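Hello! Below it I have written up what was found, going one place at a time.

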Amino acid sequence: MKTEWDYTELARTYASRPDYAPSAIDALVARAGVKAGDRVCDIGAGSAHLTIPLLERGLIVDAVEPNDEMRKLGMSRSQRFGQVQWFEGAGEATGRPGDTYALVTFGSSFNVTDRPRALKETARLLRPRGWFACLWNHRDLDDPLQTGVEDLIRSMVPEYGYGTRREDQTEAIAASGLFDPALPFEGRVVHRVDRETWIEAWRSHATLARQAASRTSEIVDAIAAYVRAKSGTEMPVPYVTRGWLARRRF
Ligand SMILES: C[S@@+](CC[C@H](N)C(=O)[O-])C[C@H]1O[C@@H](n2cnc3c(N)ncnc32)[C@H](O)[C@@H]1O
């Protein structure tokens with residue numbers, strides 16, 4: 001299925017992207033009051049980075065993903081779980097049944113949808129008083145090494161920004177009129193990563209690829225030279241998993 005954000009080329013290295021902070025997933029599950037056996041629809045499920053922790057907590061997951069390559073990757077990464085099914089669909093039109101799910105999630109995917117339409121579709125999917133959640137992994141840009149990487153990117157793409165994926169989602173959720181006021185949640189995690197794998201993951205960074213276009217590989221090469229000079233082969237990379245939960249109003 002074609003979408004405005006095409007992840008076909010990014011799928012190859014997407015598996016090596018960092019996991020969300022387990023404490024943030026625990027907060028999400030606890031706040032939404034979902035428990036083993038409840039049904040979740042995970043939208044833009046892609047590489048299954050959110051699907052898998054939901055499955056590990058005993059939830060039954062319908063994973064919806066428009067992109068064939070990402071869906072294949074997610075299916076293979078999650079195939080050891082019995083309680084997941086994968087479907088082709090988008091956030092604005094999932095093709096899944098209404099009034100069904102206790103929780104509908106968007107792991108780093110709410111920003112690539114038409115948010116008002118995705119919220120309307122979410123409200124349709126949810127059971128009465130069910131929960132919507134969206135979350136992202138943000139690199140902690142106050143970390144000195146990460147500050148250096150950001151400065152480097154901006155020196156080559158001056159107008160570089162993270163757009164919707166780093167914005168507060170409270171207003172967008174409120175504007176739909178379909179949910180109670182949004183509740184923020186977050187958790188921190190430091191990933192100890194193989195430096196070369198981390199560099200490679202920049203090649204699947206949609207936000208960079210979209211803004212740097214043909215300069216992407218030149219920029220990734222510059223990031224590589226910088227971190228090789230500053231860090232050993234194992235790199236600590238601090239992340240904040242940041243999300244918003246909101247309960248269907250009716
Ligand atoms: C950044 S990846 C996130 C993958 C995974 N959920 C995670 O947490 O890592 C964004 C995913 O959203 C998918 N996507 C693109 N447009 C979409 C849309 N309109 N609705 C739902 N998903 C979409 C992409 O194909 C991609 O797999």
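Let us start with a definition: a residue counts as near a molecule or strand if one of its heavy atoms lies within 4 Å of it. By that rule, 23 residues surround the ligand, and the closest are Tyr14, Tyr20, Gly44, Glu65 and Gly91.

Before going further, please keep in mind that this is a predicted model, in which local features need pLDDT of at least 70, side-chain atom pairs count only at pLDDT 80 or more, and totals for chains, interfaces and linings use all residues. Residues are numbered from 1 along each chain as its sequence is written, and side-chain values use heavy atoms, with hydrogens and water left out.

How confident is the predictor? The score to look at is pLDDT, its confidence in each residue, from 0 to 100. The protein chain averages 94, and 100% of the residues score at least 70.

A backbone N or O atom of Gly44 lies 2.8 Å from a nitrogen atom of the ligand, and for Ala45 the corresponding distance to a ligand nitrogen is 3.4 Å. A polar backbone atom of Gly91 is 2.8 Å from a nitrogen atom of the ligand. Taken alone, the ligand exposes 600 Å², and the protein buries 97% of that (areas by the Shrake-Rupley method with a 1.4 Å probe; for residues, only the protein chains shown count as cover).

Next, have a look at strand E7 (residues 234–247). Ten of its 14 residues are buried, so E7 is largely enclosed by the rest of the structure; buried means under 20% relative accessible area, exposed over 50%, and partly exposed in between (1.4 Å probe, protein chains only). Two strands pair if DSSP finds at least two bridges between them. E7 runs antiparallel to strand E5 (residues 126–139), with nine bridges joining them, and Asn137 has Thr241 in E7 as its bridge partner. E7 also pairs with E6 in the antiparallel sense, over twelve bridges, where Val190 stands opposite Pro238.

His191 sits in strand E6 (residues 183–194). Is His191 buried or exposed? It counts as buried, because its relative accessibility is 17%. A polar atom of its side chain lies 2.8 Å from the backbone oxygen of Asp19.

Arg248 follows in the segment after E7, and at 6% relative accessibility Arg248 is buried too. Its side chain reaches the backbone oxygen of Phe250 at 2.9 Å. Arg248 and Leu103 are 145 residues apart in sequence, yet 9.9 Å apart in space, C-alpha to C-alpha.

Thr94 is buried, with a relative accessible area of 3%. Its side chain makes a polar contact of 2.6 Å with the side chain of Glu121, and also reaches the backbone nitrogen of Arg96 at 3.2 Å.

Happy exploring!

Conventions
pLDDT is the predictor's confidence in each residue, from 0 to 100. Helices (H or I, at least four residues) and strands (E, at least two) are DSSP runs, numbered from the N terminus. A polar contact is a pair of N or O atoms within 3.5 Å; within protein, one must be able to donate a hydrogen and the other to accept it, and residues adjacent in sequence count only if both atoms are side-chain atoms.
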